[in-house]
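Let's take a walk through this structure together, one spot at a time. Have the sequence and the 3D view open as you read.

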Amino acid sequence: MTRRTDSRTWLVPALLGSAAALGASALYAATMTRRAERETPPVGSFLTVDGVRLHYLERGQGEPLVLIHGNGTLIQDFLISGIVDDLAKRHRVIVFDRPGYGYSDRPRGFWTPRAHATLFQKALQQLGVTQAVVLGHSWGTLVAIALALQAPRLVRSLVLASGYYYPTLRADVILASPVAIPGIGDLLRHTVSPLAGRLMMPAMIKGLFAPAAIPERFARSFPTAMMLRPLQLRASAEDAAMMTPVTVELQAHYGDLDLPVVIITGGDDQIADVGRQSRRLHHDVPGSELVIVPGMGHMIHHLAPERVVAAVERASERIRPAA
């Protein structure tokens, strides 16, 4: 009897304390989400495709150019880098928030690169785009490739920046997986994950740019708080968990890419190994061009924006019809 009483003596307060901590974490997550969205409102327009509300931005006139961001980021990633303004001098630049990022919806489902591609293909049809150059960064390169494979008449050329193309063992996939699981993942991302993410964010961002320094403009202007909202945490976790299986499927089709392809990467990328990823893709895609920028890390559009803009222009010139 005494032993049972002793158990209740510590168990009840422990449960009450845990519940209080989760409640406080949930309040924190909700408060920070509202603050993030108040400080970073939508910068573009909206359209609905197959019931999914997509946020997108358009700048400039000319040949259409579609930009597809990587995992964890949003439209502002390309805006802050400066490449949108540069490219808009010669192109009609269209940048999407991928499903679950920024202000785009993400219904439950398997958001593979091919699912993204199907959605973007229909979105571009709504926007009156019949042909475009497509640039993808990081996870976005998989979407860009899937779009080229599914809609070869739509995608006239590809620019693939800092991509991950072949399956490898990745620690980030293991760490992200719990947040991607329905139920336990929902509890985590509405309670402890935003707080944990805030603590880990500085080191994560440093790793994205390493060995180069984080540009001052990025440090000053990028809305990191938007990355820690529950919906975006789910999107990021699901995309990370999908990285290995989707590359297993896509890699069998890289040789089918019959269009101009420019591959650009930082020579010291610490997120996607250059030899295992970009060099190998260059070997597997006939006629592709490989650009390696020495000393630069994963965020190549921030670290060498002029090289990325030049890569787009070369890809565009290779397929631009004579006037």
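Start at proline 230, which you'll find in helix H10. Keep in mind that what you're looking at is a predicted model. Is proline 230 buried or exposed? With a relative accessible area of 9%, proline 230 is buried, because anything under 20% counts that way. Which residues does proline 230 touch, once its neighbours within four places in sequence are set aside? The answer is Thr33, Arg189 and His190.

Now for the aromatic rings. A pair of these rings is described by two things, the distance of the centres and the angle of the planes. In this model the count comes to 6 aromatic pairs. One of them joins phenylalanine 96 and phenylalanine 120, which are stacked, at 4.7 Å centre to centre with 15° between the planes. This pair links distant parts of the chain: phenylalanine 96 belongs to strand S4 (residues 91-96), while phenylalanine 120 belongs to helix H4 (residues 113-126), 24 residues apart. Both phenylalanine 96 and phenylalanine 120 are buried. Another pair, tyrosine 165 with tyrosine 254, is edge-to-face, with 6.4 Å between the centres and 90° between the planes. Tyrosine 165 lies in the loop between strand S6 (155-161) and H6, and tyrosine 254 in the loop between helix H10 (230-250) and strand S7 (261-266), so this pair ties together parts that are 89 residues apart in sequence. Tyrosine 165 and tyrosine 254 are buried too. Going back to the two phenylalanines, Phe96 and Phe120 form one aromatic cluster with Tyr56.

Arginine 53 lies over the face of phenylalanine 46, 3.7 Å from the ring centre. In a second case, the charged end of arginine 229 sits over the ring of tyrosine 103, at 5.8 Å from its centre.

Let's finish on the surface. There, Ile181, Ile184 and Leu187 form a nonpolar patch, and together they have about 250 Å² of accessible area. Where does isoleucine 181 lie? Look in the loop between helix H6 (171-180) and helix H7 (184-189). Isoleucine 181 counts as partly exposed because its relative accessibility is 45%, and that label covers the range between the 20% limit for buried and the 50% limit for exposed.

How values were computed: Residues are numbered from 1 along each chain as its sequence is written. This is a predicted model: local features need pLDDT of at least 70, side-chain atom pairs count only at pLDDT 80 or more; totals for chains, interfaces and linings use all residues. Side-chain values use heavy atoms; hydrogens and water are left out. Patches are made of residues with over 30% relative accessible area and no salt bridge: like charges are joined within 9 Å, nonpolar side chains (Val, Leu, Ile, Met, Phe, Trp, Tyr) within 5 Å. Accessible areas come from the Shrake-Rupley method with a 1.4 Å probe; for residues, only the protein chains shown count as cover. A salt bridge is a side-chain nitrogen of Lys or Arg within 4 Å of a carboxyl oxygen of Asp or Glu. Helices (H or I, at least four residues) and strands (E, at least two) are DSSP runs, numbered from the N terminus. Buried means under 20% relative accessible area, exposed over 50%, partly exposed in between (1.4 Å probe, protein chains only). Rings of Phe, Tyr and Trp (its six-membered ring) pair if their centres lie within 6.5 Å; planes under 30 degrees apart count as stacked, over 60 as edge-to-face and the rest as tilted. A charge sits over a ring if NZ of Lys or CZ of Arg is within 6 Å of the ring centre and within 35 degrees of the ring normal. Contact means heavy atoms within 4.5 Å.
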